[in-house]
Amino acid sequence: MRQSTTLLVLALTSGLFFAAGCTPATEPTSTDEPVQATATATAAAAPSRTPDVRAELVAALQRSHGAAHRYAVRGNLPEGQNVNGTGAFDPKKRRFQTTISVTGGKYPSAGSRIVIGNDSYVRPSDDKDWVHVDLKRVKRDDPFLRFDWVDPTGLKAFTSSIASVDRVDPHTYTGRFDPTGKDAASFLPVGAPSIVSIGIRLSPFTITTNDQGWVTSIKVELSPSKGPKLTLTTTMKDHGKSLKINAPARAGEAADFYYRK
């Protein structure tokens with residue numbers, strides 16, 4: 001098999017920058033004076049415990065992240081681009097597969113990736129040959145070749161970014177999250193992390209679940225300082241079901257210079 005000299009980059013490269021210094025407002029605190037009441041009246045009017053809706057949603061997201069599932073991604077990106085993708089992730093068996101297409105704008109791209117344990121296989125859409133990358137030889141901070149088994153789709157980072165949640169109905173939640181990733185790390189769109197946002201206010205999301213409590217849809221909206229609003233939607237299905245993700249029958253080896261020292 002020939003060694004590939006093709007740049008092994010499947011991560012989306014669109015950059016999204018926002019005006020810095022936009023600090024979200026904090027929740028107001030109550031200034032009402034306390035109301036005195038007799039012990040009898042207080043006992044009779046004792047309020048029931050309010051459900052922690054945020055904790056409930058976070059639990060559903062964490063449960064969905066920890067189970068095998070399939071997903072699809074669609075949305076509009078900066079600079080007139082659009083993203084469409086599909087994928088499958090099994091964290092327990094360490095199996096991952098994705099195909100992503102970015103259309104429009106100046107730099108359209110597409111490709112597929114399969115990861116099984118420490119073996120990564122990459123194939124651009126215009127090439128029939130797969131290229132094998134040994135993840136044990138890739139630097140942990142390599143932005144192009146590395147693979148994060150802890151959070152390959154960005155769902156964990158999104159979950160930790162949630163600031164507030166309201167329940168609309170038994171299967172729908174709305175709220176706001178902080179789209180500014182820690183250390184400018186990208187985690188949006190969920191399933192194809194590629195956008196880095198800087199200095200943006202808390203942004204809205206809508207999440208739906210099914211009767212079994214699995215997360216089935218995540219929709220987020222971002223408002224750049226320039227350009228149209230970005231709407232990114234990730235759908236999820238087949239939670240907990242067995243996924244058939246196998247290594248390609250044939251794959252060439254990546255050239256040694258891809259393993260930077």
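Which residues is Thr172 in contact with, leaving aside its neighbours within four places in sequence?

Reply: A word on the model first. This is a predicted model, where local features need pLDDT of at least 70, side-chain atom pairs count only at pLDDT 80 or more, and totals for chains, interfaces and linings use all residues. Residues are numbered from 1 along each chain as its sequence is written, and side-chain values use heavy atoms, with hydrogens and water left out.

Now the contacts. Thr172 is in contact with Asp166, Arg167, Thr206, Ile207 and Thr208, its neighbours within four places in sequence aside. Contact means heavy atoms within 4.5 Å. Thr172 sits in strand β8, residues 172-177. Strands are DSSP runs of E, at least two residues, numbered from the N terminus. Thr172 has a relative accessible area of 16%, so it is buried. The cut-offs are these: buried is under 20% relative accessible area, exposed is over 50%, and partly exposed is in between, with a 1.4 Å probe and protein chains only. Leu57 is 115 residues from Thr172 along the chain, and their C-alpha atoms are separated by 9.7 Å.

Leu57 leads on to Phe205. Phe205 touches Leu57, and its other contacts include Tyr173, Thr174, Gly175, Arg176 and Phe177, not counting residues up to four places away in sequence. Phe205 also belongs to the largest nonpolar core, which has 45 residues. Such a core is a set of buried Ala, Val, Leu, Ile, Met, Phe, Trp, Tyr and Cys residues joined through side-chain atoms within 4.5 Å. Leu61, Phe158, Leu188, Phe205 and Ile218 touch the most other members. A second, separate core has eight residues, including Ile116, Tyr121, Leu243 and Ile245.

Compare Asp238. It lies in the loop between β11 (230-237) and β12 (252-253). Its relative accessibility is 26%, so Asp238 counts as partly exposed. Asp238 touches Ala68, His69 and Arg70, not counting residues up to four places away in sequence. Asp238 and Arg70 are 168 residues apart in sequence, yet 6.0 Å apart in space, C-alpha to C-alpha.

Last, the rings. The whole structure holds eight aromatic pairs. Phe147 and Trp149 form an edge-to-face pair, 4.8 Å centre to centre with 75 degrees between the planes. Rings of Phe, Tyr and Trp (its six-membered ring) pair if their centres lie within 6.5 Å; planes under 30 degrees apart are stacked, over 60 edge-to-face, and the rest tilted. Both Phe147 and Trp149 are buried.

How values were computed
Helices (H or I, at least four residues) and strands (E, at least two) are DSSP runs, numbered from the N terminus.
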